[in-house]
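Subject: Structure handover and notes

Hello,

Here is the structure I said I would pass on. Please keep it open while you read the notes below.

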Amino acid sequence: MTAPPREAITGLVLCGGLGRRMGGIEKALLPWVGGTLLHAVLARLEPQVAAVALNANRAFDRYAAFGRPIWRDETTAQLGPLAGWLAGLQRAPTEWLLSVPCDTPRFPADLAARLAASVGRAPLAIAATADGPQPVFALLHRRLAAPLAAALALGERGVARFADAQGA
């Protein structure tokens with residue numbers, strides 16, 4: 001596979017979690033440097049991709065105020081980031097989907113380019129730091145929609161396991 005250009009990538013901000021460790025709050029809407037975490041994530045992501053959408057499963061009226069499409073998971077079962085990826089892959093108007101979490105606003109300003117350059121033969125590239133893989137920062141090809149749906153149906157919830165299985 002060749003490195004996809006910006007025009008071939010849709011950005012997806014994963015806001016669909018339950019925020020259990022934080023008392024159930026919407027992490028994306030927490031205050032951050034004059035706005036919210038989501039404002040900061042969008043500002044960092046938008047220059048890198050052709051379009052941006054939000055993956056959210058509640059607080060739709062609050063997310064609608066950001067003026068981006070909201071793509072909810074296909075199930076109400078709260079299946080984690082993999083379900084967000086599937087929602088994105090099923091709806092993205094481009095061949096590629098770049099996912100980022102809503103609570104990490106200082107990801108690289110060239111994340112899309114870095115992941116695109118590392119795609120190689122795999123339909124999936126994930127970010128890594130000195131601490132190891134950071135698989136929710138991922139660039140996925142739309143052909144992963146079917147294997148991802150199958151993995152979710154079989155009970156897979158591990159982002160890193162799914163990524164490894166796809167040769168990321």
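A crossing of two helices is called left-handed if the near helix is turned anticlockwise from the far one by less than a right angle, and right-handed if clockwise. Please also keep in mind that this is a predicted model.

Two helices

With that term in hand, look at helix H3, residues 81–91, and helix H5, residues 145–153. Their axes come within 10 Å and cross at roughly 145 degrees. The crossing of H3 past H5 is left-handed. On the H3 side, the residues that meet the other helix are Leu82, Ala83, Trp85, Leu86 and Leu89. On the H5 side they are Ala145, Leu148, Ala149 and Leu152. Sorted by type, the residues of this contact are nine nonpolar, no polar and no charged.

Salt bridges

The count of salt bridges comes to six. Three of them are described here.

One of them joins the side chains of Glu26 and Arg58, with an N to O distance of 2.5 Å. Glu26 sits in the loop between strand S1 (9–14) and strand S2 (31–32), while Arg58 sits in the loop between strand S4 (51–55) and helix H2 (60–64), so this pair ties together parts that are 32 residues apart in sequence. Buried means under 20% relative accessible area, exposed over 50%, and partly exposed in between. Glu26 has a relative accessible area of 10%, so Glu26 is buried. Arg58 has 26%, and is therefore partly exposed.

Glu46 and Arg68 also meet through their side chains in a salt bridge, at 2.6 Å from N to O. This pair, too, links distant parts of the chain, 22 residues apart. Glu46 is in the loop between helix H1 (37–45) and S4, and Arg68 is in the loop between H2 and H3. Glu46 counts as partly exposed at 29% relative accessibility, and Arg68 counts as partly exposed at 24%.

A further salt bridge is formed by Glu156 with Arg161, where the closest N and O atoms are 2.9 Å apart. Arg161 is exposed, because its relative accessible area is 54%.

Where is His141 found? His141 belongs to strand S7, residues 132–141. Its relative accessibility is 8%, so His141 counts as buried. The side chains of His141 and Glu95 are joined by a polar contact of 2.8 Å. Neighbours within four places in sequence aside, His141 is in contact with Met1, Leu89, Glu95, Trp96 and Pro123. Of these, Leu89 was named above among the H3 residues that meet H5.

Thr94 is placed in the loop between H3 and strand S5 (96–101). Is Thr94 buried or exposed? At 11% relative accessibility, Thr94 counts as buried. Its side chain reaches the backbone oxygen of Ala8 at 3.4 Å. Leaving out residues up to four places away in sequence, Thr94 touches Glu7, Ala8, Ile9, Thr10, Ala50 and Arg142.

Which phi value does Val33 have? Phi of Val33 is positive, about 40 degrees, although Val33 is not a glycine. Val33 lies in the loop between S2 and strand S3 (35–36). With 69% relative accessibility, Val33 counts as exposed.

Ala59 is another residue other than glycine with a positive phi, in this case near 55 degrees. Ala59 lies in the loop between S4 and H2. Its relative accessibility is 21%, so Ala59 counts as partly exposed.

Phe60 is found in helix H2 and counts as partly exposed, at 29% relative accessibility. Which residues does Phe60 touch, not counting residues up to four places away in sequence? They are Ile70 and Arg72. Phe60 and Ile70 are 10 residues apart along the chain, and their C-alpha atoms are separated by 7.7 Å.

That is what I have for now.

Regards

Definitions and conventions
Residues numbered from 1 in each chain as written. Predicted model: local features only at pLDDT ≥ 70, side-chain atom pairs only at ≥ 80, totals over all residues. Heavy atoms only, no water. Axes fitted to C-alpha atoms, helices over the stretch in contact; angles between N-to-C directions. Helix = DSSP H or I, 4+ residues; strand = E, 2+ residues; numbered from the N terminus. Contact = heavy atoms within 4.5 Å. Nonpolar A, V, L, I, M, F, W, Y, C, P; charged D, E, K, R; others polar. Salt bridge = Lys/Arg side-chain N within 4 Å of Asp/Glu carboxyl O. Buried < 20%, exposed > 50% of the residue type's maximum accessible area, 1.4 Å probe, protein only. Polar contact = N/O pair within 3.5 Å; in protein donor to acceptor, adjacent residues only side chain to side chain.
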